Every structure is written in C-alpha cells, then in structure tokens.
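Please provide a report on salt bridges and on one residue's surroundings in the structure shown below.

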Amino acid sequence: MIIVRKFSVLISCLLFSIQGFTQEKAINPMIHADVPDVAIIRVGDNYYMSSTTMHMSPGVPIMKSKDLTNWKIVNYAYDILDDTDALNMENGKNAYGKGSWASSLRYHDGTYYVSTFSGTTGKTYIYTTKDIENGPWEKHSFKPSFHDNTLFFDDDGKIYMIYAAGELRIVQLKEDLSGPVPGSDKVLIENASAPAGENIMLKAEGSQLFKINGKYYLFNITWPQGSMRTVVIHRADNIMGPYEGELALQDKGVAQGGLIDTPAGDWYAYLFRDNGAVGRIPYLVPVKWENDWPILGEDGKVPMELDLPANKSLIPDIVNSDDFSRTNNDKKLPVVWQWNHNPQNDLWSLDERKGYLRLTTGRIDTSFVTTRNTLTQRTIGPKSTGETSLDLSGLKDGDIAGFGVLQDKYAYVAVKLENGKKTIQMVKGREGKVIEEIPYSGDEIFFKITCDFKDRKDLAHFYYAENGKHWKEIGEPLKMEYTLGQFMGYRYALFNYATKTSGGYVDFDYFRITDGIK
C-alpha cells in the first residue's frame with residue numbers, strides 16, 4: 001500500500017512538472033477568482049493592485065506582483081471602513097453588496113494613496129501610507145461619496161477626482177485631502193457613453209485617468225443595450241478637456257480598468273470579466289500605440305495567451321489553508337481571510353484553545369446570512385475544494401455551526417443542537433430550506449464542499465465525514481448564482497450562530513483549500 005501511494009505521488013509530480021513545462025506563457029484570466037474593479041500601479045520592479053471586497057472586513061485588498069501574472073495579497077487599506085449598524089450587521093441592518101466599491105491606487109512623491117467611496121456611509125475615503133505592504137495607513141474621509149472616483153495628481157501639484165456615471169464630473173481636492181475645493185466641481189464629459197452608441201444600458205463609469213507623454217487618457221466601462229460590457233477611452237491635451245472618445249474594446253465582456261507598463265516598455269490593459277458564480281475575474285490585454293491612442297487586444301480580441309510568465313496556483317497567495325496554529329510573530333489571521341462585515345473581536349479567538357479557531361455566539365440570529373463573525377475566503381476556479389473540522393462540545397441548545405458557500409443563494413452543511421440532540425443538516429437557497437437532516441451523536445465532525453466553475457457550470461456539492469476519511473454526500477448540489485444582492489463571488493465560510501441562547505462556541509481545527517475536486 002505504501003509503495004502504491006508513493007508511486008501515485010510520483011506520477012502526480014511528473015504530470016505537474018510536464019504541465020508546468022508546457023505552459024510557458026501566462027493565460028487569461030490572470031486570477032480565476034473574484035478580484036473586481038482592479039487598479040494597478042508599478043513602482044520600480046514591483047506592481048501593486050487594489051480591488052473591491054465591499055462589505056468584507058478588512059477591506060480594499062492590496063496585492064503585489066513581480067510579473068503582472070502572479071499576485072499575492074500583502075495588505076488591506078483598512079481594518080474596518082466605519083463603525084455603523086450596517087457595517088456591524090446590527091439592529092437588522094447589513095451592508096451586503098455595499099460597503100466600499102471601486103478603488104483608485106496611486107503613488108506620488110513617496111506616498112501611496114488608495115481612494116474609495118461608500119454609499120453605505122455617504123463618504124469618500126482616501127488612505128495614505130509610506131509602506132504599502134505593511135502600513136500603517138492614515139485615513140481621510142469626507143462627504144459626499146464620489147462614485148467610482150479616480151484620484152489624480154497633476155504636474156502642477158493640484159489634486160483631482162473624476163467621478164460619476166454617464167455625465168462624468170471633475171473636482172479639485174484640498175491639499176490635506178480633507179474634502180473638495182469649494183466651487184471646483186464641474187462637468188468634464190457630458191456623455192461619456194457616446195462612443196459605444198446611443199442605446200446604453202449601463203452608463204460609462206469606473207473612471208481611471210492616466211497621463212502618458214503629455215496626454216490624458218480616461219478609461220471607462222459602459223454597456224450598450226443588447227451587447228456586452230465595453231471599454232471606452234477619452235483623450236485630451238488638458239485635464240479639463242476637451243476630450244475626444246473612442247470605443248476601445250468590445251470582446252467577451254472584458255472591461256473596466258486601465259493601463260500599466262512594464263520596465264521593458266511593454267503595455268497592457270488590466271480589465272475584468274463577469275464570470276458567473278466565481279465572480280468578476282481579472283484579465284490582461286496587450287496594448288500597442290498608434291497615433292497616440294492605446295489599441296487594446298489582438299485584432300480587437302482578448303487573447304487567452306500572453307507573453308508573460310506562466311500563472312501559478314492561487315494557493316497560497318490569494319487563498320490558503322490554515323491549521324490555526326500561531327507563533328509569536330504570526331498575524332492572528334493571515335491576509336487571505338476576511339470577515340463577513342465588521343467582526344466582534346471579543347467573540348473569536350485563537351488563544352482560548354491553541355491550534356483552533358473558536359467562534360462564540362454573542363446574540364440570537366435567524367440565519368447564516370444574518371450572522372456576525374463569519375470567516376471567509378474566496379472560492380477559486382476553475383474547480384476548488386474546501387474542507388474543515390469542527391469540535392462541537394461547546395455548542396449550546398439551538399446553536400448551528402458549520403461550513404458554507406456564501407452569496408444570496410447560499411448553502412451550507414452544519415450541525416444543529418436541538419433539545420439536546422445533534423443533527424447534520426444540509427441547507428440551501430435564499431430561504432434556508434433544510435434539504436436533508438441526519439441524526440448525529442459525535443463531538444467532532446468533518447465537512448467538505450466542492451465547487452465546479454468550469455465553463456460556468458457553477459455547481460457546489462456538500463459532504464460530511466465522522467472521521468475525516470469516509471466522505472458521504474449530503475443533501476443536493478447547489479446551482480450557484482452570482483447576484484447583485486451581495487455583488488461578490490461565492491466565498492467559503494466558517495460560521496456559528498445561536499437561535500436560542502448566546503454564549504455557545506465551536507472550535508475549528510483547520511481549513512484546507514485545494515485546486516480541483518478532491
């Protein structure tokens with residue numbers, strides 16, 4: 001048996017080596033996971049990217065790359081966006097699909113800047129740091145909330161934001177970033193969607209502004225009725241215009257982003273694509289210059305292969321397994337983790353039982369999606385598997401603890417303690433319907449969820465095991481759906497909530513994530 005196992009491992013390694021050898025170039029998407037609304041800068045040989053995670057905490061992830069293809073989460077712009085009922089998920093409120101949206105990322109005179117905005121709080125936020133990978137960040141906020149803003153430092157020292165949708169506006173900011181200069185807000189482009197036609201479903205938004213060789217280039221996304229997401233670019237010799245616009249790319253719905261160059265002088269557009277339940281996934285598109293216009297794609301198309309280093313696995317730098325063991329120098333939670341809304345920090349612990357994540361209930365809740373202190377990581381494509389183990393001995397009557405995939409149309413597998421008896425439940429749908437329920441008497445349980453996003457199959461299967469080896473499928477598959485209610489790709493989620501009495505707890509021994517269906 002040992003010889004057979006070793007032979008199988010050898011074959012797997014050989015196949016991996018062959019695959020790695022044959023894939024010499026990068027392929028699109030550059031990240032097969034929910035990393036939308038990206039903004040990228042290059043500082044020397046380092047690329048940095050910000051993205052959107054909305055209601056999640058911490059928020060506005062910062063990623064780093066050396067080659068534009070392979071990225072690693074290194075930081076977040078904030079721990080919590082603000083202290084409000086919606087962001088705290090209190091008093092019946094939540095921030096699903098809200099929180100903070102598309103960010104702008106800049107480097108100017110030795111300082112890194114991340115700007116974002118929030119309809120939840122009605123504010124615009126700018127975070128600054130000298131050390132983008134480690135912080136600390138200084139927070140600046142003001143009203144109003146400038147939608148899809150792009151922060152820009154002009155050569156004359158003035159600071160601007162371009163924002164809004166359709167009718168794009170420009171406003172000058174005060175030097176201390178405390179707010180707009182009074183009277184400076186004006187219309188920049190009356191109809192930025194015009195290059196894509198007259199019948200527009202989504203007005204031009206997602207502004208990102210660049211100054212290259214003395215000219216200003218403004219990128220936007222728009223969506224003509226009956227067509228697809230589309231890139232439009234406007235160009236001007238002066239930041240205040242006048243601007244002339246062109247339809248720049250209309251292929252596969254790949255859109256919204258901007259421009260980045262390499263140290264060697266090559267240019268790319270970074271964009272994203274709606275890709276079903278896994279979320280909005282980033283693409284790179286080669287750019288060449290003609291008559292001072294950036295020409296996106298190859299004959300107007302998004303290539304699947306790029307002349308960049310090959311993509312590596314998203315594990316461990318975008319998602320990663322965790323045995324919840326820590327040394328003195330370790331972060332309490334690695335940056336791959338995010339809480340679903342602001343956490344209540346006195347109700348989770350890695351110290352109360354070494355080597356375990358303890359989630360303790362602090363109130364009565366009604367469902368998986370109304371629960372605080374749910375800990376999440378991205379699902380990844382084209383296929384992935386998540387697995388965890390729970391010690392149930394700390395549950396109180398009415399507690400439900402388990403492992404789920406989080407979106408509006410959610411599903412999970414969990415143990416419920418009811419009237420002193422445990423059952424394993426598979427629950428799915430927006431209404432939280434119990435699909436299957438099995439009596440259970442143990443104090444330890446293992447759960448596994450597989451996600452198949454290949455060719456937008458978008459199916460999740462749910463499993464349990466009493467010993468972590470002999471897996472049994474429970475309930476029925478979930479046909480996952482990307483909805484605007486949460487505006488986010490599906491997330492693996494560890495949770496515990498009370499329906500009768502608070503104070504119960506569950507201990508998670510580990511979380512494991514792997515490529516493929518295991």
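At 45% relative accessibility, Arg430 counts as partly exposed, a class that lies between buried (under 20% relative accessible area) and exposed (over 50%), computed with a 1.4 Å probe on protein chains only. This is a predicted model, in which local features need pLDDT of at least 70 and side-chain atom pairs count only at pLDDT 80 or more, while totals for chains, interfaces and linings use all residues. Residues are numbered from 1 along each chain as its sequence is written, and side-chain values use heavy atoms, with hydrogens and water left out.

Side chains of opposite charge can pair when their charged atoms come close. A salt bridge here is a side-chain nitrogen of Lys or Arg within 4 Å of a carboxyl oxygen of Asp or Glu. By this rule the model holds 33 salt bridges. The table sets out three of these pairs.

| Pair | N to O distance |
|---|---|
| Glu481 and Arg430 | 3.6 Å |
| Asp274 and Arg229 | 2.4 Å |
| Arg358 and Asp507 | 2.7 Å |

The salt bridge between Glu481 and Arg430 links distant parts of the chain, 51 residues apart. Glu481 lies in the loop between β36 (478–479) and β37 (491–498), and Arg430 in the loop between β31 (421–428) and β32 (433–440). Strands are DSSP runs (E, at least two residues), numbered from the N terminus. Glu481 is partly exposed, with a relative accessible area of 32%.

Asp274 and Arg229 also form a salt bridge, and this pair spans 45 residues: Asp274 belongs to strand β20 (residues 267–274), whereas Arg229 sits in the loop between β16 (215–224) and β17 (230–236). Asp274 is partly exposed at 24% relative accessibility, while Arg229 is buried at 15%.

In the salt bridge of Arg358 with Asp507, Arg358 lies in strand β26 (residues 357–360) and Asp507 in strand β38 (residues 505–515), so the pair ties together parts that are 149 residues apart in sequence. Both Arg358 and Asp507 are buried. Through shared partners, salt bridges join Glu352, Arg353, Arg358, Asp391 and Asp507 into one network.

Thr388 is buried, with a relative accessible area of 0%. The side chain of Thr388 reaches the backbone oxygen of Tyr510 at 2.6 Å. Not counting residues up to four places away in sequence, Thr388 touches Phe403, Ile445, Phe446, Phe447, Leu494, Phe508 and Tyr510, where contact means heavy atoms within 4.5 Å.

Methods. Helices (H or I, at least four residues) and strands (E, at least two) are DSSP runs, numbered from the N terminus. A polar contact is a pair of N or O atoms within 3.5 Å; within protein, one must be able to donate a hydrogen and the other to accept it, and residues adjacent in sequence count only if both atoms are side-chain atoms.
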